[in-house]
Structures are given as structure tokens and as C-alpha cells.
Amino acid sequence: MNAIIIGILLPLLGTMLGSAFVFFMKKEIPDKMQKTLLGFASGVMVAASVWSLLIPSIEMAGESVMPAAIGFLTGIAFLLLIDELTPHLHIGAQTAEGPKSKLSRTMMLALAVTIHNLPEGMAVGVVFAGEAQGLTLSAALAVSIGIAIQNIPEGAIISMPMHAEGNSRMKSFLIGTLSGVVEPVGAVAILLLAGVLGVALPYLLAFAAGAMMYVVVEELIPETAQGTHTNLSTIGFAVGFVLMMVMDVVLG
């Protein structure tokens, strides 16, 4: 039980640590660093989606690919619906997307990060739920640690622009930290749901994978492909992907 609690809280701690960068750095993150960090986060999420979620989903379904396919597409559709209905700013964007809203730029950024963090929390919850159906505790912890690692640069990428917009360092830190609260909440919700719908676990694993992949394709990769230093985002992606893959295989 203690390991599950720690695993659920680790991603939030990663977000807090990244958000704390606002106390030690200038108002804006250098473009080279931001591209590298975004690429790294993308690599971690893609590797976690494949090794920690999709492959276990197929194995739990008796090598059937249909639950993984259905769950994956449902996860994509779910995040697409949230993206369409919620006024928000994409990371690095200057104009809002979604329904017309009078929300402040700061609030729309916060909503964007909440959309981003939701599937990560779901992924943590579903891998710990999978422990009862064949997934090892170490494999579940690997997912939690991997997401926590990628949340460190993500927290910095959020809190620093908040400060650059004129918010105080403390307010920027708190907003960045609060954006990660949705992760343990999402993890607990999935754990409770999985307890009722245990047979749906292969679908839930793939659902989390689809939601995470949506974030990568919709939010992270487009931002890394803009402007200069795109080669650094590619390097960051490779490092993040390999790190998460190794962690999953070694700890799994």
C-alpha cells in the first residue's frame, strides 16, 4: 500500500520540483533548453505508452489486439473532446484555442496543463491497478518514476512562462504545482474504476496510452518542430525514449 501511495504521488513531486525552477532561473527558458526538454518529455511518454501500456494491454487480452486498438482510439477521442470543449493555450502558443472565453491567459495556460497531465495520472493509476492482473509492482513504479522525471522539465516549462507573464515567482510556482494535482486525482479515480471493472483493464491500459499519445502529437511535437534548434528536440526525444524503455525493461 505504501508503494502505491508513493507511486501515485511521485508525478506530482516531479511537477513541483520542475515548477520550483522559477525561483532559480530568469524569466524565460532559453529556446535550446525548452526544445530539448519538450523532446525529452515526448520520448518518455511515447516509450511509456508502448512498453508500459499497449504491450501489457495486448498480453492481458490473451494476445488479442482488439482491446488495445479500441482503448487506444477511445483515449485519443476522449482527449480530442476535452481539447475541443476547453478554452486553453497550447504550450508556446500566443492565442487561445477552444470555445470563445473571457478566461485570463494564466487560467487558460493552467487548463492546458491540466489537459496535459490528466492522461499521465490515468496511466499511473491503471498500471498500479494492473498489479492484480499480472503487472509487477516494479513495472508500475517504473511508469510512475518515468512520468515524474518528464514532469520536471514540464513543470519548468509551465512556471517560467507564468512568471514571464508578470506573475510573482510564488504564484507561478503554485500554479505549476496545482497543474499536477490532477495526476494523483486521476490515478485514484482509475484505481477505483478498475476495482469495479477489472475485466476492462486491457481497455483502460490502452485508453491511457491513447490519451498520452494525443498529448505528444497535439501539444509537444508541434512545438518542438517550430523555429530553430529542432535537432535538440530530436536528441531529447531519443534520450527520453531510451531512458523510459530501459527503466521499463529493467524494473519490469
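Me: In helix α9 (residues 230–251), by about how many helical turns are Phe237 and Phe241 separated?
Reply: In this predicted model, Phe237 and Phe241 both belong to helix α9, where they are 4 residues apart. Because of that spacing, the separation between Phe237 and Phe241 is about one helical turn.

Me: Is the pair formed by the rings of Phe237 and Phe241 stacked or edge-to-face?
Reply: The ring centres of Phe237 and Phe241 are 6.1 Å apart, and their planes stand at 20 degrees. Since planes under 30 degrees apart count as stacked, the pair of Phe237 and Phe241 is stacked.

Me: Which residues do ring pairs link into a cluster?
Reply: The structure holds 4 aromatic pairs. Ring pairs join three residues into a cluster, and these are Trp51, Phe237 and Phe241.

Me: Is Phe173 buried or exposed?
Reply: Phe173 lies in helix α6 (residues 169–179) and pairs with Phe23, which is in the loop between α1 (2–19) and α2, 150 residues apart from it. Phe23 has a relative accessible area of 34% and is therefore partly exposed. For Phe173 the relative accessibility is 16%, and because buried means under 20%, Phe173 counts as buried.

Me: Are helices α2 and α8 roughly parallel or roughly antiparallel to each other?
Reply: Helix α2 (residues 31–60) packs with helix α8 (residues 201–224) at an angle of about 160 degrees, and their axes are 9 Å apart. Angles over 145 degrees count as roughly antiparallel, so α2 and α8 are roughly antiparallel.

Notes. Residues numbered from 1 in each chain as written. Predicted model: local features only at pLDDT ≥ 70, side-chain atom pairs only at ≥ 80, totals over all residues. Heavy atoms only, no water. Axes fitted to C-alpha atoms, helices over the stretch in contact; angles between N-to-C directions. Helix = DSSP H or I, 4+ residues; strand = E, 2+ residues; numbered from the N terminus. Parallel < 35°, antiparallel > 145°, perpendicular 65-115°, else oblique. Phe/Tyr/Trp six-rings, centres within 6.5 Å; stacked < 30°, edge-to-face > 60°. Buried < 20%, exposed > 50% of the residue type's maximum accessible area, 1.4 Å probe, protein only.
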